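Reader: I would like the terms for this model set against their cut-offs. Please take them one at a time.

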Amino acid sequence: SIYEMFGNECCLSTGEVIKVIGFKINKLIARICENNEVRQFPAKVELPLNFPGLYKVVADRTPYASIEEITRKVSIGPTRFGHPCFYSPEDIQLANLTIKHNEQITFNSVAEVNGTMAVTCGVVRNNQAHSFTLPLSQEGEFYECEDHQMYTLKEIAEWKIPRCRNRIVKLSHTLQAWDSCNPLPQNFEGCLILTPVYEVQAVMRSRKDIVHLLSDLDVEVKDITDCCDVRAFLQPLSLEDVFERTSKEFPMLAEIMEGPSGSQYPTNLLSTGKEIIIHKKYQAARVLASETRRDCPKRHFLIPASYKGKFKRRPRELPTAYDLELARSEKEQLHVVATKAFDSPHRELFSVCVGDQFLVQQRQASAVRREGGKELIDALACELILSDGYKSVLLPMYMEGGFVEVIHDKKQYQLPEICREFHLPFNVKVSVRDLSVKEDILAAVPGLQLEEEITDSYLLISSASSPMESWEIPVYRLNMLVHLLNKDIQPAVAPGTKAAVEEISQEQYYMVRRYENQTLQPPPRPPKKPT
């Protein structure tokens with residue numbers, strides 16, 4: 001039979017031997033439901049995996065009958081998505097630990113323990129983690145725990161839809177304005193029942209690329225696993241698979257089976273069929289930056305420290321007196337101009353007019369008169385700039401005004417200097433583009449806010465034909481498959497390492513910020529206005 005997919009025709013001849021390497025969700029069929037109940041509207045819509053939006057997963061109310069059933073149907077793996085949580089309505093008695101009923105159990109990995117397959121698990125009690133294993137033979141009722149994280153549809157398809165089950169999700173955050181092409185109703189904020197449509201991923205002896213077979217393809221097949229030499233087939237690896245290898249296995253030579261689409265790297269470096277050297281794996285630093293524009297969607301970037309362009313400072317918009325306190329630094333005095341008036345209810349505190357200019361000093365307590373006596377409130381000491389001098393004034397920390405920074409610094413900075421000398425977030429504009437690249441995508445952006453420094457996983461690669469120039473490529477944002485070649489390579493790492501500025505999507509931006517900040521405490525809330 002002959003089929004066509006993604007514009008590629010493939011002939012499956014009688015007797016053709018195919019090795020199935022995986023199953024992948026190709027698209028999702030969505031049905032709208034009300035109040036998380038399975039009362040469905042008749043309409044079904046087809047959603048691609050890159051459909052914009054962030055979703056919360058609704059916990060499945062159908063229990064699992066054993067640990068073995070969970071491992072068969074739920075994705076458990078080493079990445080940050082592969083740690084599902086369950087609870088049992090009954091206590092589970094282990095040799096040295098009792099798992100209490102309704103206690104959240106995190107499933108971390110599947111491994112062989114003393115000759116028995118088991119799941120390594122963990123519970124947290126009084127801020128202390130306790131690890132243990134549950135054998136696959138463990139029976140009982142196990143229910144999904146509520147998941148408060150947000151996911152893209154692609155992440156849900158890859159990690160959060162159990163095999164042979166549907167998944168209910170709730171739209172939590174839309175990432176683009178609604179238009180007539182959107183298959184969901186306008187202002188939709190409800191739940192969707194997602195039914196996956198799978199494709200089979202396979203390799204053939206006669207081809208070096210991945211063959212994609214739709215699950216409804218009308219082909220008769222026979223299982224010959226027991227009598228077939230699987231070593232005759234290529235073993236595709238994702239970048240995540242490569243990153244899971246031990247450091248001792250690097251460097252390695254690989255051939256690209258499927259290259260990424262729309263890559264920001266040289267087209268001849270990551271094209272299908274190209275041989276590359278993967279030198280090593282490591283964590284590398286990036287600065288997360290976004291356009292400073294009021295309308296959406298904004299563009300987002302990950303900038304490496306090796307970026308050779310130069311920046312000039314741009315004024316920050318600071319909406320409250322509390323933000324003035326956060327923005328001030330010991331390096332220089334913060335100079336701002338008011339863009340919104342504020343009428344103080346207390347004689348001891350200053351009333352602000354539009355156009356007033358201040359030099360911000362420090363936070364201090366101030367006594368104000370109220371009924372029944374005096375009260376201490378938090379205030380910000382400032383110098384009001386007058387035509388003939390300065391006047392000391394106090395602004396209440398709860399003040400909701402509006403300020404714009406006045407920039408006196410005309411110096412041009414490189415990225416490492418900004419990170420070293422200033423607190424982020426920090427507003428800048430590219431003043432000298434990076435001349436080491438053909439096109440500097442940051443140069444055309446009218447203004448950038450450098451938001452925070454992050455670390456992420458990268459592989460250092462180079463072309464096998466010209467190994468003297470190497471590139472850092474991200475592990476989790478570049479979709480490509482490789483297979484390893486059994487050839488000798490020189491272990492020396494190429495000296496000329498390059499790192500591209502990545503423009504990331506709105507979904508990737510939220511994911512980067514979510515995982516970078518998930519262990520951090522939120523900032524303190526600004527003081528409330530006294531009632």
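Reader: In what order do the 6 strands of the open sheet stand, and is the pairing parallel or antiparallel?

Author: The order is β22-β27-β23-β24-β25-β26, with antiparallel pairing. This is a predicted model: local features need pLDDT of at least 70, side-chain atom pairs count only at pLDDT 80 or more, and totals for chains, interfaces and linings use all residues. Residues are numbered from 1 along each chain as its sequence is written, and side-chain values use heavy atoms, with hydrogens and water left out.

Reader: What makes β22 and β26 the edges?

Author: β22 (317-320) and β26 (389-396) each have a single partner strand, so one side of each lacks a neighbour in the sheet. Strands are DSSP runs (E, at least two residues), numbered from the N terminus.

Reader: How do you know that β24 and β25 pair?

Author: Pairing requires that DSSP finds at least two bridges between two strands. β24 (residues 357-370) and β25 (residues 373-386) are joined by 12 bridges and run antiparallel, so they pair by this definition. One of the bridges links Ser-366 with Ile-377 in β25.

Reader: Which strand is joined to β30 in parallel?

Author: Strand β32 (residues 496-499) is, through 4 bridges. Ser-470 has Thr-497 in β32 as its bridge partner.

Reader: What makes Cys-121 buried?

Author: Its relative accessible area is 1%, and buried means under 20% (exposed is over 50%, partly exposed in between; 1.4 Å probe, protein chains only). Cys-121 is therefore called buried.
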